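Work through the following exercises with the sequence and the model side by side, and try each task before reading its solution.

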Amino acid sequence: MKASDTRSSFIRYFERHGHVHMPSSSLVPEDDPTLLFVNAGMVQFKRVFVGEAERPGPRAVTSQKCLRVSGKHNDLEEVGRTARHHTFFEMLGNFSFGDYFKRDAIAFAWEFVTSELGLEPGRLWATVHYTDDEAAELWPKLTGIPAERVLRLGDKDNFWQMGETGPCGPCSEIHYDLRPSGATSDLTPEQFNALGEADEFMEIWNLVFMQFERSADGDTPLPAPSIDTGAGLERIAAILQGTRTNYHTDLFLPIIAEAEEVVGRRYSLDPADWEEGLPFRVLADHARAVAFMLADGVFPSNEGRGYVLRRVLRRAGRYAWLLGRREPTLDRLVNVVADLMSDTYPQLAHRRDHLIRTTRSEEERFLATIDAGMGRFDELAPQAGQGTIPGAEVFRLYDTYGFPLDLTQLMAAERGYEVDVDGFDTALEEQRQRSREDRLSGGPSAELSEELVAAARTVTADGEQTFVGYDQTRVESTVLAGESLGAAHAVILETNPFYSEAGGQVSDRGIVSHEGWKMVVDSVVQNDRGQAVVVGEVVEGGGAATPEAVVAILDEPSRRDTERNHTATHLLHAALRAELGDHVQQAGSLVAPDRLRFDFSHTGPLTVSERQTIEEAVNRWVWENAPLEIGERDYREALDSGAMALFGEKYGDRVRVVEVPGISLELCGGCHVRSTGQIGLFQITSETGVAAGIRRIEAVTGPAAYGRVRETEDTLGGLAELLRVPAAELPRRLEGLLAEKAVLESRLEEQHGRDAADVVAAVVDGAVDLAAGGRLASGSVELPAGSDAGAFGDLLRDRIGSGAAIVHVSARDEEKGAFVAVVTDDWIGRGVKAGDLVRTASRATGSGGGGKPHLARGGVGDTGRVEDALAAAVRAALDIAEATDGS
């Protein structure tokens, strides 16, 4: 049975039994930014199981895309080595939300695998939790399976929990016996597990009985127990297609066949050649993972999900490299994945060009460094050695050559080495700290020393603080705390209008004052209690105590400019995704009064057309003067409405949502304009790369953008006045001037050539004819300014015919000049070399030089010794030539 038919059969079976078919969710969890990837079928129903979301119905069935490459569930190192481990896989699952429980779950599973799939009942075993008497009794009763083939195992194998707390319960697994017919059924749990590790048994289905709620006080029964099952499509396909490994099914063999074509080597299906085929299996597996990650909007980067994708891509690249491949490989395999699976997952076909283009770009980037990186690795870990590779060197392989940590660990283990992971982590954290400091540079808080910021964060106050800065720029407030920090002062205001730096937006500036007392606010930091601590310099009344009540006034022009830039980053993000694709994700930002900076994931530089389109889109939205809709929503409600959340950010139950209707919808706690028209004007000032796969746009808005326009107009006006043409005629006038310049340079070059020829003629005319044949010339000459000494030497060598010349050349007003020596081919055969002549002359003046046998240049030290140096070089040439003649 084809794997696609198995998938369809599973879904149809459970639909017949009242289950709603739910499509697979994205690999990127929609409601959990802290989870890297969906790694089980139940993830999309997690909130249903804990009672936080409506159930789609009492029963559901899915075929869920899953990825296990990080965290607790990480199969990366086993991929290709075992018969059944993968990064990407499909989990078939049926779910009951308080409807049926153990009896029906067991009955459904048994009927499907025996009646629908036709698996031999005599080869099926069941495992249950050692305390689950109910399940242990149900298996023989409902299925007829002998009691000796129902094994009781411990928590590690047969108990499932969502986390430290939450729903949990025992589980029951179905295993397929791959041993020869007649093998014993008298197995202990320990023997059974050992045979499973040896691939003699294959687990094909796990039935989770969620019947308890786990808390710090223990487990209590759930009011409505539920069912969560997971059956591995790849494993079932292997059994149905008569192979002991998932890799030899129709889910993988077409990809392996393409790999054979690409690398020009054959893959053997013979079990004896299993180890030799490892690179092919890794390539096939990783091609599937890469295709689905890219299709679901993940983009290669050095953070979070993007880094996982990059690790998988580069791990595959290294295995292709081991097969002798020095060009991109995975892009062609990804194309095959799209061919195989787009009927079920149409986004693979819709985004095919993006999948191939991004994969190829990432491979090319890695191939550009892998040779040098492998050279460095060979120095660190010679073949058949032992020891530990220092963490700093492991980080250098990562940072300079793009080797992910696990790739270095893999290669080190192959050669018998260990890796200093702690040292790597330390070096990586130091780099991240430097990056954080770089991101902060240019913001107001950057003016505060680290010591002062740390001191400000220790200032705390009793009482609650209210932030009113979204709506108010001037408030009267009680001072909850005030403290001198030496050169600065810190206060905590009960009613606070000052924004504390967060989310890329810099903190506000302004004034805090009372009669006879005034503090200029330089920055705002948050203490451990989440209170905003206003920090600045007391410029009046410094000797007095902090007032109990003050007036706090924002620097309003600065705040308004910051608001323009913050809303503009949201519009820019939307424009980038509209023009470049959904793979664009925010990777960092800076929002300051004078500019904005936006880092985003993308493969390469923007074209002129793309940049213009993006800038025009932002300005079009600005001029539409769309009102912003800003308010708080439930976190889940916000995500369900399409709000974008940043990976790694932790959000509460209530979140602030900033929406430009029909354009942008993001979770954001920053300050924004009331309508887009207040931005005025948006201009991109630069677009650069900051890391592999990460681009950076810097831009200005409002007054800064207007000032840039005025500056450009002033510059153009000045040029127009200087060239005495209207500004509109500047391009044509400049083209004419450049053409005239090219003509003049050509004429000047011709004149230099004639002048140089005259100098060469003078040198050749002064050459001495030797009795043994050939000519020898020397002297000091002056070349026209801008002449090419190398071209002069070539011409001199041509004109001398047979022999050698050593000349001191200089340009007008040049203090020292240089020695140039030339030797013809026949004299080179007599042992005379230009490099030797120059070396002799240069050393005689206290300098040095050298070059090729036919042409060489050398420096001049003491110019008063030039004449003697030339004579020494001539004598050296004569001695060599005469010695050759004498021999």
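At 2% relative accessibility, C671 counts as buried, where buried means under 20% relative accessible area, exposed over 50% and partly exposed in between, with a 1.4 Å probe and protein chains only. This is a predicted model, in which local features need pLDDT of at least 70 and side-chain atom pairs count only at pLDDT 80 or more, while totals for chains, interfaces and linings use all residues. Residues are numbered from 1 along each chain as its sequence is written, and side-chain values use heavy atoms, with hydrogens and water left out.

**Exercise 1.** Find out how many disulfides the structure holds.

*Solution.* Begin with the criterion, which is a pair of cysteine sulfur atoms within 2.5 Å. For C671, the nearest cysteine sulfur belongs to C668 and is 8.5 Å away, so under this criterion C671 is in no disulfide. The structure as a whole holds zero disulfides.

**Exercise 2.** Determine which residues of helix α4 are buried and how they are arranged around its axis.

*Solution.* Helices are DSSP runs of H or I with at least four residues, and strands are runs of E with at least two, numbered from the N terminus. In α4, residues 133-143, the buried ones are A135, A136, L138, W139 and T143. Seen down the axis, they fall within an arc of 165°, so they line one face of the helix; the arc is taken from the directions from the helix axis to the C-beta atoms. The face turned away from this buried side carries the exposed residues E137 and K141.
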